[in-house]
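Open the model in your viewer and keep the selection panel at hand.

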Amino acid sequence: MTMKLSTDPSAATLLPIAKKEGIATVWDRHRAMQPQCGFGQLGVCCRICWKGPCRIDPFGDGPQRGICGADADTIVARNVIRMIAAGAAGHSEHGRHVALALQGVAEGRLPAYQIRDEAKLRAVAAKLDICTEGEDIPAIAAAVAKATLEDFQNQDHDVPCNWIEATLTKKRLERLQALHVLPHNIDAVITQIMGRTLVGCDADPVNLILGGIKGALADFNGMCLATELSDALFGAPAPVVTAANLGVIKQDAVNIAVHGHNPLLSEVVCEVAGQMDEEARKAGAKEGINIVGICCTGNEVMVRHGIPLAANYLSQELALVTGAVDAMVVDVQCIMPSVSEIGACFHTAVITTMAENKIPGATHVDFKEETALENARRIVATAIDAYKRRDPRRVNIPDFKQTAIVGFGVESVLAALATLNAEDPLQPLIENIANGNIRGIALFAGCNSTQVAQDSSFVTMAKKLAANNVLMLATGCGAGSFAKHGLMTQEATLEYAGESLKAVLTAIGTSAGLNGPLPLVLHMGSCVDNSRAVQVAVAVADKLGVDLDQLPLVASAPEAMSEKAVAIGTWSVALGIPTHLGTMPQVTGSAKVTELLTQTAKDLLGGYFLVELDPEVAADKLLEVIEERRKGLGI
Ligand code: BF8
Ligand code: SF4
């Protein structure tokens with residue numbers, strides 16, 4: 001059986017070239033891995049002690065307990081909450097890094113960084129209940145950093161983290177408190193998950209999953225602070241027109257791909273690249289330096305500065321196969337270890353930058369905030385050097401790129417709405433939801449996975465939801481999919497939106513000065529920026545006096561893959577949002593855990609997982625959920 005690997009037209013151009021060159025890609029390795037282990041797929045394989053590995057026979061003929069006595073429910077629950085802990089650790093480390101940078105800026109220790117968005121810093125301070133009267137910007141930044149770092153330090157179990165407390169509806173906080181799942185300290189909660197899942201600890205699947213939910217909420221907390229503090233340092237996103245797909249790589253430029261997640265590095269690389277443009281031209285690059293983004297670092301610089309996005313997760317290797325990427329600079333997360341080998345097939349310098357993330361074969365530049373400018377200069381100089389070694393005969397840049405209007409943070413969405421109603425910006429949105437012009441809101445998030453033809457589920461679902469007048473937001477590689485496939489354009493709104501949605505998007509876009517509708521899908525940023533969508537939802541819920549689980553709001557990760565997606569999906573459920581997964585979660589080996597996540601959660605939290613691999617059917621199911629929610633609200 002031949003399965004379509006990707007619906008991205010660039011893949012069709014570059015995969016045959018990779019094959020001819022003898023370069024294995026993620027899809028080749030996926031094929032070589034078949035058939036994948038059925039025990040692993042069900043989540044019933046346990047490797048957490050050296051008496052194991054143990055695996056439970058799903059057909060009931062073989063062992064039903066591991067050597068220590070753990071059954072399938074315990075094993076599955078332990079495995080999945082460890083995934084949540086890993087996801088939460090990734091996001092929260094990212095957040096801590098940004099918080100420490102803010103502290104460094106406040107103390108005047110980091111010349112490479114400034115508070116670029118003072119209004120945002122003040123807004124954050126107000127949100128955290130920090131009194132700013134008479135205080136200057138460094139003092140406010142110091143206080144915000146301190147309050148944020150408390151979320152990694154507080155030892156009082158009864159005092160929830162500052163960020164989550166400042167972010168959710170009162171009703172949601174009470175509900176979560178009643179279940180004892182409000183995190184008090186991000187690090188402690190992650191550590192507790194690791195501790196309780198050791199051999200011979202927590203064996204109760206319900207208790208384990210509740211621990212996982214707490215970990216997922218710690219993840220949410222970490223994401224909120226990462227997004228908001230990054231905005232203060234680098235500016236909140238504003239609408240900007242840019243482009244996406246591998247066609248953004250330029251033949252006559254030194255191309256530097258920034259890849260990973262953390263904006264602390266990429267922001268400085270962008271700045272330094274501007275200063276070193278002349279050097280690139282001297283080296284023969286007529287168009288100077290061209291920065292392009294990959295994965296969420298790409299999303300970060302895209303929504304803030306309009307840097308074009310070259311690739312989302314599954315196409316990162318193909319960016320190298322163009323033969324025109326001179327340097328790929330990576331920080332953390334979602335970087336395939338294969339990139340160093342593929343880079344070495346060309347002239348590409350693959351540069352790692354974080355102490356905790358090195359790849360054999362890559363060049364390492366030890367990036368530190370204190371020496372950021374110097375580090376970035378070295379990175380850009382390395383790229384210019386590599387450019388001189390580029391072989392023009394091996395350059396194949398696919399002629400595919402799509403326009404993308406991006407940069408829809410909370411502030412820019414409210415600003416656009418304020419052009420319709422300056423007094424009460426949320427009113428036009430609420431009115432149009434209430435009168436049914438907008439049936440509901442869907443947040444698309446998450447990865448690409450080789451389990452799905454790349455981007456196909458995102459695009460199929462979005463077209464169907466658009467036709468049914470659902471307003472769509474997107475982050476992460478989902479946003480990358482839409483950008484690459486032209487769904488972040490005004491033309492897409494005119495072509496795919498149902499009549500009433502089209503009218504609303506046109507009214508807002510026109511009054512906001514876009515000379516036409518808002519794009520069909522609003523790009524809210526990277527994965528950590530899912531917190532932006534929650535902020536909008538909380539504002540709407542607060543205004544209506546309801547909780548999040550009453551809103552006609554759904555989330556979907558149709559091509560989910562990473563442990564971070566497991567964490568995000570779980571907090572989305574914990575916040576009361578029905579959350580679709582289009583890839584099979586590795587929990588079905590336990591009927592109890594599956595039931596907890598897909599059914600019991602609904603009673604406990606209002607949100608629940610909805611697993612549906614067929615994107616057409618998934619869209620129908622989400623539409624049903626939206627209508628059910630509308631009915632509940634009496635609209
Ligand atoms: O944080 S969507 S593949 S790049 S994990 Fe990774 Fe998944 Fe992409 Fe961004 Ni998120
Ligand atoms: Fe086996 Fe139990 Fe050890 Fe897991 S913890 S590997 S089930 S003995």
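A salt bridge here is a side-chain nitrogen of Lys or Arg within 4 Å of a carboxyl oxygen of Asp or Glu. Between domain 1 and domain 3 of this predicted model, the count is 5 salt bridges.

**Stop 1: the domains.** Select residues 72–234 for domain 1, 246–394 for domain 2 and 404–633 for domain 3, and give each its own colour. Now keep domain 1 and domain 3 in view: their C-alpha centres lie 23 Å apart.

**Stop 2: the contact.** How many residues of domain 1 are in contact with domain 3? There are 37 of them, and they meet 41 residues of domain 3. About 3,200 Å² is buried between domain 1 and domain 3, and carbon and sulfur atoms give 68% of that area.

**Stop 3: one salt bridge.** Select K120 and E411 and show their side chains; the two form a salt bridge. Their closest N and O atoms are 2.7 Å apart. Polar contacts between domain 1 and domain 3 come to 18 residue pairs, with both residues at pLDDT 80 or more.

**Stop 4: the domain 1 side.** Select helix 4 (72–106), helix 5 (118–127), helix 8 (170–178) and helix 10 (205–234): these elements each give two or more residues to the side that touches domain 3. Which helix gives the most? Helix 10 does, with 14 residues.

**Stop 5: residue types.** Colour the domain 1 side of the contact by residue type. Its residues divide into 21 nonpolar, 10 charged and 6 polar.

Terms used
Residues numbered from 1 in each chain as written. Chains lettered and ligands numbered in written order. Predicted model: local features only at pLDDT ≥ 70, side-chain atom pairs only at ≥ 80, totals over all residues. Heavy atoms only, no water. Domains from an automatic or database assignment. Contact = heavy atoms within 4.5 Å. Buried area = accessible area lost by both parts, 1.4 Å probe. Polar contact = N/O pair within 3.5 Å; in protein donor to acceptor, adjacent residues only side chain to side chain. Helix = DSSP H or I, 4+ residues; strand = E, 2+ residues; numbered from the N terminus. Nonpolar A, V, L, I, M, F, W, Y, C, P; charged D, E, K, R; others polar.
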